[in-house]
Amino acid sequence: MKTFQLFIITILSAFSVNAQDTTYMLLKPARVFDGQAIHSNWYVLVKGKHIEAAGEPSTINIPATAKIIELKGMTLLPGLIEGHSHLFLHPYNETKWTDQVMNESRAERTARAVEHAKATLMAGFTTVRDLGTEGAAYDDVGLKTAISKGVIPGPRMLVATRAIVTTGAYGPKSSVAEWHPVLGAEEADGVEGISRVVRSQIGYGADVVKLYADYWATDEGATPTFTVDELKAAVAVANSRGSQVVVHSGTEEGMRRAIIAGASTIEHGDGGTPELFKMMKEKGIALCPTLAATEANDRYRGWKKGVDADPEDVITKRKMFREALSAGVTICMGGDVGVFAHGENAREMLLMAEYGMKPVDVLRSATSVNAGVFGLKKLGSIKAGYLADIIAVEGNPAKDIKAVQQVKLVMKDGKIYLQK
């Protein structure tokens with residue numbers, strides 16, 4: 001009897017998988033951005049979790065059983081990829097960073113992260129690179145697992161767990177020497193120490209390793225922390241495990257050290273110079289500029305954009321971004337979301353265009369470029385064999401980038417999460 005029951009279960013399971021694999025959907029938009037260019041009069045056929053075909057209707061063999069989804073006036077794009085997020089943070093004008101890290105329980109922060117993940121997905125961002133829990137230990141690994149198991153809706157995640165700083169550099173700070181608050185990142189020093197921590201974080205589930213090349217939580221501002229040898233050790237250990245190293249840097253010397261060490265991406269890049277951008281271009285190191293975070297922080301301090309004069313840090317950021325563009329540095333789309341509200345990720349894309357990037361290049365940055373830089377295979381493009389992470393927006397974002405804020409359809413792994 002048990003053998004017969006097992007046989008029946010096996011047959012039913014096979015039938016279920018086969019039924020899922022042969023479920024077809026035909027998407028009929030006004031145009032398709034395939035990760036490189038805009039195409040008019042294209043259809044996209046989805047089979048199960050993958051894209052079966054994309055192109056002119058005459059080139060696609062459309063099954064009679066395919067479900068037709070009409071998307072008149074809309075543009076299909078690959079699911080957008082957020083390059084710099086913190087799902088365990090929420091806007092600093094709601095609660096200061098220090099108070100979030102010190103006073104919000106891990107349970108509260110995880111509950112918030114669940115909501116943030118959903119908001120991110122509904123905004124059309126089907127993948128995020130989450131660069132540090134800021135005091136919430138390895139909880140991003142658990143969040144990633146819950147999403148991948150289908151327990152909660154959210155984007156697929158690349159996680160950095162705790163991130164790494166030198167001893168004494170990061171916050172929160174206390175004036176009482178005997179009291180050690182929860183830190184926003186893990187401390188490590190020396191080649192041996194940093195090698196151990198890199199291995200530890202990867203062992204706990206980190207997909208990427210994040211380091212702070214220049215950060216001191218003091219009024220004196222940022223100065224370099226890790227030495228070149230320490231950064232090189234981190235890169236060597238992480239790369240040997242197949243992981244990338246991303247480096248937070250806001251100073252010229254911090255960036256120089258990170259570039260020499262062979263980081264995969266530089267985050268923020270405020271200290272960038274033409275010389276450094278030339279080095280980044282030559283070494284194939286990408287920049288994630290986080291324009292939106294800079295403007296958000298200034299707004300929290302009372303700046304009224306378009307009314308008040310631009311703050312110095314905004315002027316510096318705009319100049320830095322344009323110099324990087326001019327040097328041909330690969331630009332990743334990543335806004336440091338968490339500083340501002342999750343679900344508003346596209347603010348970074350609008351600023352990239354405002355600061356001088358062509359809208360179609362902004363779209364590439366948020367799709368195929370990010371996928372390539374982050375090593376995400378079968379993502380970032382609409383082409384046969386790729387995962388069916390697809391969104392639809394009202395209008396044509398290659399002409400008006402603001403269209404990316406008008407998300408009407410969100411599909412991830414062939415499953416529709418939003419359809420308006």
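These entries go from the sheet to the backbone.

I worked on a predicted model, in which local features need pLDDT of at least 70 and side-chain atom pairs count only at pLDDT 80 or more, while totals for chains, interfaces and linings use all residues. Residues are numbered from 1 along each chain as its sequence is written, and side-chain values use heavy atoms, without hydrogens and water.

I looked up the open sheet and found 3 strands in the order β6-β7-β8, paired in parallel (strands are DSSP E runs of at least two residues, helices H or I runs of at least four, numbered from the N terminus; two strands pair if DSSP finds at least two bridges between them). β6 (80-85) and β8 stand at the edges, each with a single partner strand, so one side of each has no neighbour in the sheet.

I noted that β7 (residues 125-130) is joined to β8 by 4 bridges, and that V128 has M157 in β8 as its bridge partner. Helix α4 (residues 139-148) packs on the sheet and touches β7 and β8, its direction making about 160 degrees with that of β8 (contact means heavy atoms within 4.5 Å; axes are lines fitted to C-alpha atoms, for helices over the stretch in contact, with angles from 0 to 180 degrees between N-to-C directions).

I then checked the backbone, since most residues other than glycine have a negative phi, and most peptide bonds are trans. A163, in the loop between β8 (156-159) and β9, has a positive phi near 65 degrees and is buried, with a relative accessible area of 0%. D413, in the loop between β16 (407-412) and β17 (415-419), has a positive phi of about 55 degrees and is partly exposed at 24% relative accessible area (buried is under 20%, exposed over 50%, partly exposed in between, with a 1.4 Å probe and protein chains only). The peptide bond from G171 to P172 is cis, with omega near -5 degrees.
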